[in-house]
Amino acid sequence: MTPHTDAQPTNTQTTAARPPAARSAATALPGRPCSIAAALQVLGEKWALLAVRELFYGNHRFDRIARNTGAPRDRLTARLRALEEAGVVERRAYSERPPRYEYHLTEAGRDLAPLTQALLAWGDRWVSPEPPVVLHHHPDSSGGSDDSDDRGHPLDAAWTCRTCGVEVRSPDLSLEVRSPGWDHRGPAVPVGDAGTGP
């Protein structure tokens with residue numbers, strides 16, 4: 001989200017590279033098999049996403065994350081532990097005596113940049129009367145600059161298809177359901193059973 005080293009774009013992880021907790025979450029949920037539901041198992045709590053936001057902003061120490069999110073310390077501890085188990089964040093020691101750790105985004109965590117940017121843009125448009133922060137794009141740099149004259153320009157991101165390069169609009173999308181026994185309406189009804197439900 002900001003010109004910080006944790007926010008660098010990355011390639012999508014393969015299934016084999018995902019942590020076991022992330023792989024099992026996708027298949028252990030009730031209802032429609034869905035990657036949105038699986039992602040919300042990891043990220044769907046307010047303090048989890050706000051902790052990720054702080055890591056994108058370059059705040060890696062627990063005290064700063066707690067202060068800037070407003071999260072109760074016990075809840076934040078639990079969220080950071082769950083994010084670590086899911087492979088979204090990793091702890092790095094910065095002091096041996098006493099033992100102290102910083103939190104950093106993993107590749108899976110850095111891949112949340114478009115999600116956090118989309119939530120920021122949606123909040124700016126539909127919730128906040130005035131944007132509290134503005135993302136600046138620095139296209140000619142490898143992650144921004146500390147030079148105060150290099151402010152870039154305000155980000156106006158678009159969702160673009162990597163295959164054809166065209167901006168994506170909702171009306172242009174269709175759904176292919178790959179989960180056995182399901183179609184776009186829900187559980188597929190076996191032939192001959194149509195009309196037997198309530």
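Analyst: Start with the salt bridge: a side-chain nitrogen of Lys or Arg within 4 Å of a carboxyl oxygen of Asp or Glu. This is a predicted model, where local features need pLDDT of at least 70, side-chain atom pairs count only at pLDDT 80 or more, and totals for chains, interfaces and linings use all residues. Residues are numbered from 1 along each chain as its sequence is written, and side-chain values use heavy atoms, with hydrogens and water left out.

User: What makes R61 and E102 a salt bridge?

Analyst: Their closest N and O atoms are 3.0 Å apart. The cut-off is 4 Å, so the pair qualifies. The bridge links distant parts of the chain. R61 sits in the loop between α3 and α4, and E102 in strand β2, 41 residues away. Helices (H or I, at least four residues) and strands (E, at least two) are DSSP runs, numbered from the N terminus.

User: Why is E102 called buried?

Analyst: Buried means under 20% relative accessible area, exposed over 50%, and partly exposed in between (1.4 Å probe, protein chains only). E102 has 18%, so it is buried. R61 has 38%, so R61 is partly exposed.

User: How do you know that E45 and R79 meet in a salt bridge?

Analyst: The N to O distance is 3.9 Å. That falls within 4 Å, so the pair counts. E45 lies in the loop between α2 and α3, R79 in helix α5, 34 residues apart. E45, R75 and R79 are linked in a network of salt bridges. The whole structure has 10 salt bridges.

User: How do you know that the length of α5 fits a helix?

Analyst: The expected span is 1.5 Å times one less than the number of residues. For the 13 residues of α5 (73–85) that gives 18 Å, and the end C-alpha atoms are 18 Å apart, so the two agree.

User: What makes one face of α5 the buried face?

Analyst: The buried residues of α5 are L76, L80 and L83. Seen down the helix axis, they fall within an arc of 60°, so they line one face. The arc is that of the directions from the axis to the C-beta atoms. Residues three or four places apart point the same way, because an α-helix has 3.6 residues a turn. The face turned away from the buried side carries exposed D74 and E85.

User: Why is W122 called exposed?

Analyst: W122, in helix α7 (residues 113–126), has 51% relative accessibility, so it counts as exposed.
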